[in-house]
Amino acid sequence: MKPKYRRLVIITLIITILGIATQLILMALKDNIIYFYSPNDLKLKYGETKNIKNKIRIGGLVLEDSVIIENNKTTFIITDRIHQIKVYFDGSLPDLFREGQGIIAEGTFIKNNLIASQVLAKHDENYMPPEVAEALKKNGVWQGDIKQ
Amino acid sequence: MFDWLANPNRFNRITNKMQPVLLLASLITIILGLYFGLYDSPKDYQQGHAVRIMYVHVPSAWLASGLYLLLAISSIFYIVWKHPLADLMSRATAPIGALFSLLTLVTGSLWGKPMWGTWWVWDARLTSMLILFFFYIGYILLSNAFERKIDGSKSAAVLAIVGIINLPIIKFSVDWWHTLHQPSSLLKFDGPTIDGQMLLPLILMIIGFCLFASYIIILNVKTKLIEKKCEALILKLNLNEISNIR
């Protein structure tokens, strides 16, 4: 075999092996790579919330009519339409925070409630002018707030 | 095909004709893209005017990963076929790719603060993009770290090839894992989820950035070809002097 083809074969082999190795590492670290759990994921993984000792991030939608704001302290419920988690938060909320919006709350569990130290808004992949959003809502084909 | 293009004289002849066209076309598309993007396009229903950051952020991100693919492919050509022009191509591409990935990180951060409520999070998309930036920086440092230039070229090329693994991770990170970053809006099976009026400036900017990157990389390769000629000339002059002294 000519040296240049040998080099080509070696490079192809290296890339393949590295690819498989990376794949395995990523699969093993899946739990560390995911940025947040949905309430349902959390239930499946930990069962009871008292098993969770460390800080954890929960992602889901802000349940409609669940937001109570009293002197900068916010209480709301995160839902993935299967399970719900009550969240207490003392701090400033992102602009996109509203009912039905996808959000991520980071904090620790105390008695089944998440005491959040940070609340982030999640933005979806839909981009449209306000008029189009209005028209969609009017025609009843609005999906923006339900999808994450 | 590659051998045919890899002749420096032919490369110069072809690119001499391409360069003015590339420059003019990139200027026109970028100016049009900026006009539509910053002025003649609607604001987003929930992001407001911050959506306009996307018109720079998305093209930069595409180019950052696209240029890395170019860097890796020309590194493979260099390692396998050992052609010097492939090395020049990699060396010319790396700083441009590094700049675009930096631009992606910075514009993304500026968008993230008002929209997400944070400048930075360690989610899979953001982290893999940062790693891409580090690969570019690693390539640039390593390729210049050796006394003999050829040692730098070889080791940096190997680094660039290893980094290919990162590209699918960047692309699919938003599908494989829960991330704060939103999934792709443009490359979807059921068509883009961006309104037509916003799609126009985005596409214009992507085309404009690609044209500009091609122009600047060709310019960079040419500069490096001239540098190489100069080095050869200086070497020759020195040799002549030495033989004259004797």
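Domain bounds here come from an automatic or database domain assignment. On that basis chain A is divided into domain 1 (1-33) and domain 2 (35-139), and the centres of these two domains of chain A, taken over C-alpha atoms, are separated by 39 Å. This is a predicted model, in which local features need pLDDT of at least 70 and side-chain atom pairs count only at pLDDT 80 or more, while totals for chains, interfaces and linings use all residues. Residues are numbered from 1 along each chain as its sequence is written, and chains are lettered from A and ligands numbered from 1 in the order in which they are written.

Chain B contains eight helices and zero strands (DSSP runs numbered from the N terminus: helices are H or I of at least four residues, strands E of at least two). The C-alpha trace of chain B spans about 80 × 35 × 30 Å along its principal axes. Of the 246 residues in chain B, 41% are buried, that is, 20 or more other C-beta atoms, placed from the backbone, lie within 10 Å of their own.

Between the chains, 35 residues of chain B are in contact with 31 residues of chain A, contact being C-beta atoms, placed from the backbone, within 7 Å. To the side of chain B that touches chain A, α3(B) gives the most, with four residues.

How values were computed: Contact = placed C-beta atoms within 7 Å. Buried ≥ 20, exposed ≤ 12 C-beta atoms within 10 Å, placed from the backbone.
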